[in-house]
Amino acid sequence: MDIAVAAAGIGPGDEVVMPAFTIISPAASVVRAGATPVLVDSSLDTWNMDVAQIESRITPATKAILVVHIYGLPVDMTKVLEIASRHNLIVIEDAAEMHGQFVHDRPCGSFGLISTFSFYPNKHITCGEGGMVVTDDETIAEKCRGYRNLCFQPQRRFVHEELGWNYRMTNMQAAVGLAQLEKLDAHVLRKHQIGERYLERLSRTPGLVLPPVEAEHAKSIFWVFGVLVKDDCSLSPADIMTRLAEQKIGTRPFFFPMHQQPVFKKQGLFQSETYPVAEKLAERGLYIPSGLGLSDEEIDLVAEAVHDIMVSV
Ligand SMILES: *Cc1c(COP(=O)(O)O)cnc(C)c1O
């Protein structure tokens, strides 16, 4: 994401429209580049950035729309591309959770001028660590190669016109990645099975909002299986997570919104801004195990444990 933001030429004075509800990575890259993230609230229907609110956040300083696909459903990119072209904005796409996902029949990671993938272990395919930047613009690709490799120059290697990073991927990781790629379809299929199984097993569980499964533009890829605990439930998400932990069932909280991040508050960003849907997702959400190593029996065990906790109150 650092490379994508740099290669897009985003810097001081630029605004980047992006979701309030996301992992910190894209916002961190924008802030480190000296630019300003401008946040958009989420949609309860998809848990993604509410595309209908993007235009109200565009100003003369806006340089890019940074899209982050969250958890299962992708952002409706047809609409985003239309807005971007109308306002002459760059699109950067964080497809870290979307290997193998599509919007209509076009793959995620193909929509941005620059799109990024993560190969962290909990993604659909992994290299242990690392990631990938993709673009079909040859000039941007050259810039990305430079930023990845300290901006060494082919002719005068140790003379630098710009500052880059050492974000080189090792050959060993790349080899793992290629082997993983062969398994992508199988992993996507298994994630679907896990998601569908949870949906079925939890369909009669009170107090829960199950994740959005389908939109007009896509079906969920179930990167994680997140649920919302209803407001009127007497157990908080933290209580439920504690009770599951007592049964040795791991959970994770949802992302914490960018406008509430202490690190950004300390920098004077997002003062007194509120994004009610993003806040609600963060406050009420948790995700239950959905790793590729889970057996059907384990999924049933987790679903039963969740169900028993919810009916006990
Ligand atoms: C996992 C993730 C990242 C971070 O990827 P790393 O490889 O850990 O840097 C960035 N964006 C999104 C949306 C993610 O889910």
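This is a predicted model: local features need pLDDT of at least 70, side-chain atom pairs count only at pLDDT 80 or more; totals for chains, interfaces and linings use all residues.
Residues are numbered from 1 along each chain as its sequence is written, and side-chain values use heavy atoms, without hydrogens or water. Local features need pLDDT of at least 70 and side-chain atom pairs count only at pLDDT 80 or more, while totals for chains, interfaces and linings use all residues.

**View A. Packing of helix α7 (residues 237–246) against helix α10 (residues 296–311).** Helices are DSSP runs (H or I, at least four residues) numbered from the N terminus. The axes of α7 and α10 lie 10 Å apart at an angle of about 130°, which makes α7 oblique to α10. Axes are lines fitted to C-alpha atoms over the stretch in contact, and angles run from 0 to 180 degrees between N-to-C directions; oblique covers what is left after roughly parallel (under 35 degrees), roughly antiparallel (over 145) and roughly perpendicular (65 to 115). The crossing of α7 and α10 is right-handed (the near helix is turned clockwise from the far one by less than a right angle). Ile240, Arg243 and Leu244 of α7 contact Ala305, Val306, Ile309 and Met310 of α10 (heavy atoms within 4.5 Å). This contact has six nonpolar, no polar and one charged residues (nonpolar: Ala, Val, Leu, Ile, Met, Phe, Trp, Tyr, Cys and Pro; charged: Asp, Glu, Lys and Arg; polar: the others, Gly among them).

**View B. Packing of helix α6 (residues 184–201) against α10.** The two axes are 10 Å apart, at an angle of about 35°, and the crossing is right-handed. From α6, Arg190, Ile194, Arg197, Tyr198 and Arg201 meet Asp296, Ile299, Asp300, Val302 and Ala303 of α10. Five nonpolar, no polar and five charged residues make up the contact of α6 with α10.

**View C. The largest cavity, with about 70 Å³ of space.** A cavity is a set of points on a 1 Å grid over the protein atoms alone where a 1.4 Å probe fits but cannot get out. The whole structure has two cavities of 30 Å³ or more. Lining residues (an atom within 4 Å of a point) of the largest cavity include Trp47, Tyr71, Pro211 and Phe222. The lining divides into eight nonpolar, four polar and no charged residues.

Key:
Helices (H or I, at least four residues) and strands (E, at least two) are DSSP runs, numbered from the N terminus. On a 1 Å grid over the protein atoms alone, a cavity is a set of points where a 1.4 Å probe fits but cannot get out, and a pocket is an open set with protein on both sides within 12 Å along at least five of seven lines; lining residues have an atom within 4 Å of a point. Grid points are joined across faces, edges and corners, and a volume is the space filled by probe spheres set on the points.
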